[in-house]
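Notes follow in the order I looked things up.

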Number of protein chains: 2
Amino acid sequence: MKILVTSGGTSEAIDSVRAITNHSTGRLGKIITETLLAAGHEVCLITTKRSLKPESHPNLSIREITNTHELLLEMQERVKDYQVLIHSMAVSDYTPVYMTGLEEVQASSNLEEFLSKQNHQTKISSTDEVQVLFLKKTPKIISLVKEWNPAIHLIGFKLLVDVNEDHLVDIARKSLIKNQADLIIANDLTQISANQHRAIFVEKDHLQTVHTKEEIAELLLEKIQSYHS
Amino acid sequence: MKILVTSGGTSEAIDSVRAITNHSTGRLGKIITETLLAAGHEVCLITTKRSLKPESHPNLSIREITNTHELLLEMQERVKDYQVLIHSMAVSDYTPVYMTGLEEVQASSNLEEFLSKQNHQTKISSTDEVQVLFLKKTPKIISLVKEWNPAIHLIGFKLLVDVNEDHLVDIARKSLIKNQADLIIANDLTQISANQHRAIFVEKDHLQTVHTKEEIAELLLEKIQSYHS
């Protein structure tokens, strides 16, 4: 099958030097991609410059993006051509709008004015003791996938931190329904380390738990093969 | 000689998932370290988990840090034991204090209250349309080096973005005097790419310009050998 995989973490520029990013390394997406390729599938991997990447392979194409906006454009163009999307990229929820010293913010009578401002310096000055950064929500790309391709099998991820398992599954199930996904893989950062990666596969009617990145990739492959038949 | 090199870029956590970081890859620090090792020097490299690193070498030790606070503690302990410091790490100027929705900030009569708040969620909720992040200045580590070891030869870096060369040199010279450095290497982000890295070596009495990372490392080695005699 033709499978689109997203992997790594987006990075949102504050200025030409600083950025907001996240801890995603791309390791899971690399293992998933390698597992799919080994099983004979054709993969397009959308990832970032600094993420871990699979070795090159005749059935693999790699596209690099930096931020959420670029990811959206790339996916909008590609989602329609694929049968399955595995959306494991950690996408920034917020993107910087404007950063300024505390004094300028204190002097304002309407903080919303800062949402239409832009930093004109290429590197924001570091003279103020305190800076204030305004951020706005990014578009929820996963919610747009079925608009771009109603027939695609959508597999999403939900990462929470230090929550109980019922809550994690509950949130994953809400994402499953809202985004019309086939499967949401729920995980908790406190249960991810170099050698373990506990994850719960949340589908409409059942749950399955695995414990390593390799097991995630193997079970994902099994799920995808079943879509075929 | 015993040389301490810092390399890569610090990363300041917003919460357990998000962080503010910068574009530094550690490539220059890697080349500098390799050049020093090849010339027979003993190097301790302080860098980050995700930075590029030299191959292991009997005269090389590597210490990993994440943020400015950890860097400060590590350097405070080590600077006294070295004869030269090459401080090429891109150190965050600001570190996050508190992040909250715009409404909470609008409702406040004194914004300074947020500087003593802390986020108690491990992953900040993403329900608000607009978030506001308060950041405070980090300590200027380079200014503390000579207090820790008055005899050390201090080599610093100054990165600006898209400025004219006179201004760049002027700012580098101010840093040279203020931090009692032997040398400040001034560079402009717009003149750094995969194959070029224009840099101006700013010393008390003269300037020298080089054009690649390898040339930076070679000229640095020459400068350091001269401290010896």
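**Between the chains**

I started with the salt bridges, and the count between chain A and chain B is 2. My cut-off for a salt bridge is a side-chain nitrogen of Lys or Arg within 4 Å of a carboxyl oxygen of Asp or Glu. One entry I wrote down is A:Arg18 with B:Asp93, whose closest N and O atoms are 2.7 Å apart.

Before going on, the ground rules: this is a predicted model, local features need pLDDT of at least 70, side-chain atom pairs count only at pLDDT 80 or more, and totals for chains, interfaces and linings use all residues. Residues are numbered from 1 along each chain as its sequence is written, chains are lettered from A and ligands numbered from 1 in the order in which they are written, and side-chain values use heavy atoms, with hydrogens and water left out.

Next I looked up polar contacts between chain A and chain B, and the rule finds 21 residue pairs, both residues at pLDDT 80 or more. A polar contact here is a pair of N or O atoms within 3.5 Å; within protein, one must be able to donate a hydrogen and the other to accept it, and residues adjacent in sequence count only if both atoms are side-chain atoms.

Which elements of chain A supply at least two residues each to the side that touches chain B? I get β3 (18–22), β7 (94–101), α3 (102–106) and β8 (130–137). These are DSSP runs, numbered from the N terminus: helices are H or I with at least four residues, strands are E with at least two. β8(A) gives the largest share of that side, 8 residues. By class, the side of chain A that touches chain B has 18 nonpolar, 12 polar and 10 charged residues. Ala, Val, Leu, Ile, Met, Phe, Trp, Tyr, Cys and Pro count as nonpolar, Asp, Glu, Lys and Arg as charged, and the others, Gly among them, as polar.

For the extent, I have 40 residues of chain A in contact (heavy atoms within 4.5 Å) with 40 residues of chain B. The two chains bury about 3,700 Å² between them, 56% of it on carbon and sulfur atoms. Buried area is the accessible area (1.4 Å probe) that two parts lose on being put together, summed over both.

**Confidence**

The predictor gives the complex an ipTM of 0.88 and a pTM of 0.89.
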